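Subject: A structure for you to look at

Hello,

Here is the structure I promised to pass on to you. Please have a look at it first, and then read on for what I found in it.

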Amino acid sequence: MKLHDDLHNYYEKIVLENIEERGLDHKYDEDVMADLCCTALNRLPARYIRFDVDMEFYLPTDERTEMEARVKEAVDYALSQISKKKQFQP
């Protein structure tokens, strides 16, 4: 069985939006960005959907605000972990 190609975790979109808003995608290379995204997403619950438009239309504003706050915390944590990792590299 194959999952449908349109299924994805909605938090992925919000994490990427947060990263772009902060300009982190211009500050770090692809390897660091991959680590950043994985670390942040692993701190968030999964919220699988088929179509972004459905989520954006039906998601209450207060829930979206809460999701964005969780994403900010997760990205902040990921940044702190990446900076620790860089400190210990020779």
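Leaving aside its neighbours within four places in sequence, which residues is Asn 18 in contact with? The contacts of Asn 18 are Val 71, Lys 72 and Val 75. Asn 18 itself is found in helix H1. With a relative accessible area of 10%, Asn 18 is buried, because buried means under 20% relative accessible area. Please keep in mind as you read that this is a predicted model.

**The overall picture**

The chain has five helices and two strands, and from the N terminus on its elements run β-α-α-α-β-α-α. Along the principal axes, the C-alpha atoms fill a box of roughly 45 × 35 × 20 Å. Of the 90 residues, 29% count as buried. The accessible surface of the chain comes to about 6,600 Å², and 52% of this belongs to carbon and sulfur atoms.

Two more values describe the chain as a whole. If you take the contacts between residues at least 6 apart in sequence, 83% of them join residues at least 24 apart.

**The salt bridges**

Side chains of opposite charge can pair when their charged atoms come close. How many salt bridges does the structure hold? There are seven salt bridges in the structure, and I will go through some of them here.

Let me begin within helix H1. The side chains of Glu 17 and Lys 13 meet in a salt bridge, with 3.9 Å from N to O. Both residues lie in helix H1 (residues 10-22), and they are four residues apart, about one turn of the helix. Glu 17 is partly exposed at a relative accessible area of 25%, and Lys 13 is partly exposed too, at 23%.

Another salt bridge joins Asp 76 to Arg 22, where the closest N and O atoms are 2.7 Å apart. Asp 76 lies in helix H5 (residues 61-87) and Arg 22 in helix H1, so this pair ties together parts that are 54 residues apart in sequence. Asp 76 counts as partly exposed at 31% relative accessibility, and Arg 22 is partly exposed with a value of 30%.

Next, have a look at Arg 47 and Glu 63, whose side chains meet in a salt bridge of 2.6 Å, N to O. Because Arg 47 lies in the loop between helix H3 (30-42) and strand S2 (48-49) while Glu 63 lies in helix H5, the pair ties together parts that are 16 residues apart in sequence. Arg 47 is partly exposed, with a relative accessible area of 29%, and so is Glu 63, at 26%.

**A network of charges**

Which residues are linked in a network of salt bridges? The network links Lys 13, Glu 17, Glu 56, Arg 64 and Glu 68.

Arg 64 is found in helix H5. Not counting residues up to four places away in sequence, Arg 64 touches Tyr 10, Ile 14, Glu 17 and Leu 59. With Tyr 10, the side chain of Arg 64 makes a polar contact to the side chain, at 2.7 Å.

Glu 56 belongs to helix H4 (residues 52-58) and is partly exposed, with a relative accessible area of 40%. Setting aside residues up to four places away in sequence, Glu 56 touches Tyr 10 and Lys 13. The C-alpha atoms of Glu 56 and His 4 are separated by 20 Å, and these two residues are 52 apart along the chain.

**One glycine to end with**

Where is Gly 23 placed? Gly 23 sits in the loop between H1 and helix H2 (24-27). With a relative accessible area of 24%, Gly 23 is partly exposed. From Gly 23 to Phe 57 there are 34 residues in sequence and 27 Å in space, C-alpha to C-alpha.

Enjoy exploring it!

Best wishes

Conventions:
Residues numbered from 1 in each chain as written. Predicted model: local features only at pLDDT ≥ 70, side-chain atom pairs only at ≥ 80, totals over all residues. Heavy atoms only, no water. Salt bridge = Lys/Arg side-chain N within 4 Å of Asp/Glu carboxyl O. Buried < 20%, exposed > 50% of the residue type's maximum accessible area, 1.4 Å probe, protein only. Contact = heavy atoms within 4.5 Å. Areas by Shrake-Rupley, 256 points an atom, 1.4 Å probe, with all protein chains shown as cover. Polar contact = N/O pair within 3.5 Å; in protein donor to acceptor, adjacent residues only side chain to side chain.
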